[in-house]
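I would ask everyone to look at the sequence and the model now on the screen.

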Amino acid sequence: MNPLALLRPGNWQALLRPGDWLVLLTGALAVAWLAGTFWFGAPGQRLIIKRGGQVFLETALTQPRIIDVGGPLGITRVQIAAHRARVLADPGPRQLCVHQGWLSRDGEAAICLPNQVSVEIAGRVKAYDSLNY
């Protein structure tokens, strides 16, 4: 058989055996389950702010407010609004934690490494033991 003939529509299916279809179906189901589990995670319930590795503040995401957290470089400003949180301003040079954007799902975090401040969303059950930097 000409190898190029296999590229025509419908001809490649002749190469697949029943076990191949089972592997493809299992893979597709695994991808769908993983996407549903990790992409659409549970919404967060609490905000945990750490400064220098120690818990600075733990609060609910229900009340809108702005929190100032002092660090070695200056003040990191954290905003809570509409059951989500974000780093509004940080004195760090690259602003990576500011660019992280809004955090709303359990396990999401923004870490302002130069200023030693981390912002983490937690749910009812903690997804992992600790957050270190």
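Let me begin with a term: a residue is called buried under 20% relative accessible area, exposed over 50%, and partly exposed in between, with a 1.4 Å probe and protein chains only. By that rule arginine 77, at 36% relative accessibility, is partly exposed.

Two remarks on the source follow. What you see is a predicted model, in which local features need pLDDT of at least 70 and side-chain atom pairs count only at pLDDT 80 or more, while totals for chains, interfaces and linings use all residues. Residues are numbered from 1 along each chain as its sequence is written, and side-chain values use heavy atoms, with hydrogens and water left out.

I turn to the salt bridges, each being a side-chain nitrogen of Lys or Arg within 4 Å of a carboxyl oxygen of Asp or Glu. How many does the structure hold? There are two salt bridges. In one of them, arginine 77 meets aspartate 68 at 2.7 Å, N to O; aspartate 68 is partly exposed, at 39%. Glutamate 58 and arginine 46 also meet in a salt bridge, at 2.7 Å, N to O. Because glutamate 58 lies in strand S2 (residues 54-60) and arginine 46 in strand S1, this pair ties together parts that are 12 residues apart in sequence. Here helices (H or I, at least four residues) and strands (E, at least two) are DSSP runs, numbered from the N terminus. Glutamate 58 is partly exposed at 44%, and arginine 46 is partly exposed at 27%.

Next, the interior. A nonpolar core is a set of buried Ala, Val, Leu, Ile, Met, Phe, Trp, Tyr and Cys residues joined through side-chain atoms within 4.5 Å. The largest such core has 16 residues, and Leu47 and Ile49 have the most contacts inside it. Two or more residues come from each of the strands S1 (46-51), S3 (65-70), S4 (75-81), S5 (84-89), S6 (109-112) and S7 (117-122). Of these, S7 gives the most, with three residues. Contact means heavy atoms within 4.5 Å.

Alanine 42 is partly exposed, at 46%, and touches Arg105 and Asp106, leaving aside residues up to four places away in sequence. Alanine 42 and arginine 105 are 63 residues apart in sequence and 5.9 Å apart in space, C-alpha to C-alpha.

I close with backbone angles. Most residues other than glycine have a negative phi. Glutamine 95, in the loop between S5 and helix H2 (96-99), has a positive phi near 60 degrees. Glutamine 116, in the loop between S6 and S7, has a positive phi near 55 degrees.
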